[in-house]
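Hi,

Here is the structure I promised to pass on.

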Amino acid sequence: MIDKIYIVSIDWSDENINNAVSVIEDVGLPSRIPWQVIGVNGYELTNQDLIDRGITIYKDWNLSTGVVKLSDDENQFWHRDVTAGEVGCALSHIDIWEDAYKMGYENILIYEDDILKQKTMDWDIIKNLDFDLFYLGRLIQGGFEGVVDKPIDDNICIPGFSYQTHGYVLSKSGIKKLVEQHLPKYKSMLFPVDEFLPSLYNWTPREELNDIFEKNLKTFALNEDVVVQSRTEMYNNSLTQPNDGI
């Protein structure tokens, strides 16, 4: 069912990776699956590195430039430039999508290395589900008007605008859509990846993205997350929070 597990990490120490693998196995897998670590440290990137990768950072992500006008602009994350950590995180996920596309995988499982188990995953839930993207954990942004999940059954829902990319599954069709249809534009205006994905499946309060990206990613999520993220800006331990940029 799943061809490869990708672990996003910039800490390749045996202790860190073994901890992540232990959590992944504890959450549960449908079979024995090979895994690979991929991680881009945004703090080590230079402008030339971005040019070599064909990446341009979205200069008007920060609303203070005055170019983008939103009806609801209170979100603190939109009043700063894209951080070096956010660039590295986005490039890590892009590298994964492109590798899976090149390899022709049917389904891949992506975990970031700071996951914490909430419960065991029942893989039968998605066994016959026609999806492009399936979240194993995320944080719905219910502070925006009209942002709600739409339950499908006791286990899954169609997610509303949500943050976080610490645990999700991509099918072959999802990988193909990302790489062939959406990455060229995303690379020309890079912004946080957990803002990018919802722009492909649902309305986002970053209203300019609703016009830029086609919403063609068939996306589902668990009603109850099986994994959560341990590093967040709330606890001042996130790897993507503001710091000296590129």
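A word on burial to begin with: a residue is called buried under 20% relative accessible area, exposed over 50% and partly exposed in between, using a 1.4 Å probe and protein chains only. Please keep in mind that this is a predicted model, where local features need pLDDT of at least 70 and side-chain atom pairs count only at pLDDT 80 or more, while totals for chains, interfaces and linings use all residues. Residues are numbered from 1 along each chain as its sequence is written, and side-chain values use heavy atoms, with hydrogens and water left out.

Salt bridges (a side-chain nitrogen of Lys or Arg within 4 Å of a carboxyl oxygen of Asp or Glu) number 13 here. One of them joins Asp99 to Lys102, with 4.0 Å between the closest N and O atoms. Asp99 is buried at 16%, whereas Lys102 is exposed at 64%. Both residues belong to helix H3 (residues 84–103) and are three residues apart, about one turn of the helix. Helices (H or I, at least four residues) and strands (E, at least two) are DSSP runs, numbered from the N terminus.

In another bridge, Arg138 and Asp149 come to 2.8 Å, N to O. Arg138 is in strand E5 (residues 133–140) and Asp149 in the loop between E5 and strand E6 (150–151), so this contact ties together parts eleven residues apart in sequence. Arg138 is buried, with 8% relative accessibility, and Asp149 is partly exposed at 27%.

Now the rings. Phe, Tyr and Trp rings (the six-membered one for Trp) pair if their centres lie within 6.5 Å; planes under 30 degrees apart are stacked, over 60 edge-to-face and the rest tilted. That rule gives 15 aromatic pairs. Tyr186 and Phe191 make an edge-to-face pair, 5.2 Å centre to centre with 80 degrees between the planes. Phe196 and Phe213 are also edge-to-face, at 5.4 Å and 75 degrees. This second pair links distant parts of the chain, 17 residues apart: Phe196 is in helix H5 (residues 193–196), and Phe213 is in the loop between helix H6 (207–212) and strand E9 (219–222). Phe196 and Phe213 are both buried.

Which residues do ring pairs link into a cluster? They are Tyr58, Trp61, Trp97, Tyr186, Phe191, Phe196 and Phe213. Over the ring of Trp61 sits the charged end of Arg206, 3.9 Å from the ring centre; the criterion is NZ of Lys or CZ of Arg within 6 Å of the centre and within 35 degrees of the ring normal.

Best wishes
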